[in-house]
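Please look over the sequence and the three-dimensional structure shown below. The paragraphs after it lead through one part at a time.

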Amino acid sequence: MSLHIDSRCGLHCTGCEWKESCGCGGCIETNGHPFHGECPVAICCQNKGLIHCGECPDIPCDLLTQYSCDPEHGDNPHGARIEQCKKWKATI
């Protein structure tokens with residue numbers, strides 16, 4: 001099985017409507033600066049030398065939880081990207 005990690009926070013960029021419509025390169029390819037500007041989750045991972053949040057001993061931290069469970073822009077279902085990071089970690 002091939003492991004495809006396409007974000008730092010566990011959000012799947014593949015197939016995202018913003019990737020194509022806004023020319024977003026994603027947080028990994030843009031060093032933490034996707035289409036909407038600097039991503040604090042990506043910057044946190046990069047500063048810690050992590051590929052994704054699942055590698056962090058603090059998962060789920062307040063920052064990742066805030067992003068994952070935001071009522072307007074968060075995951076559906078809440079916490080989906082946190083669970084994805086845990087799955088990525090389990091395959092390492």
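**The pocket and its surroundings**

By class, the lining of the largest pocket has 11 nonpolar, 7 polar and 4 charged residues. Here Ala, Val, Leu, Ile, Met, Phe, Trp, Tyr, Cys and Pro count as nonpolar, Asp, Glu, Lys and Arg as charged, and the others, Gly among them, as polar. The model is predicted: local features need pLDDT of at least 70 and side-chain atom pairs 80 or more, while totals for chains, interfaces and linings use all residues. Residues are numbered from 1 along each chain as its sequence is written, and side-chain values use heavy atoms, with hydrogens and water left out.

Helix H1 (17-21), H2 and H4 each supply at least two residues of this lining. Helices are DSSP runs of H or I with at least four residues, numbered from the N terminus.

The structure also holds 1 aromatic pair. Tryptophan 18 and phenylalanine 35 are stacked, at 5.1 Å centre to centre with 10° between the planes. Rings of Phe, Tyr and Trp (its six-membered ring) pair if their centres lie within 6.5 Å, and planes under 30 degrees apart count as stacked. Because tryptophan 18 lies in helix H1 and phenylalanine 35 in the loop between H2 and H3, the pair ties together parts that are 17 residues apart in sequence.

In helix H3 (residues 40-48), Val41, Ala42, Ile43 and Cys45 are buried, that is, under 20% relative accessible area with a 1.4 Å probe, protein chains only. The buried residues of H3 pack against helix H2 (26-29) and helix H4 (62-68). Glycine 49, with a positive phi near 75°, follows H3.

Definitions and conventions:
Buried means under 20% relative accessible area, exposed over 50%, partly exposed in between (1.4 Å probe, protein chains only). Contact means heavy atoms within 4.5 Å. Rings of Phe, Tyr and Trp (its six-membered ring) pair if their centres lie within 6.5 Å; planes under 30 degrees apart count as stacked, over 60 as edge-to-face and the rest as tilted.
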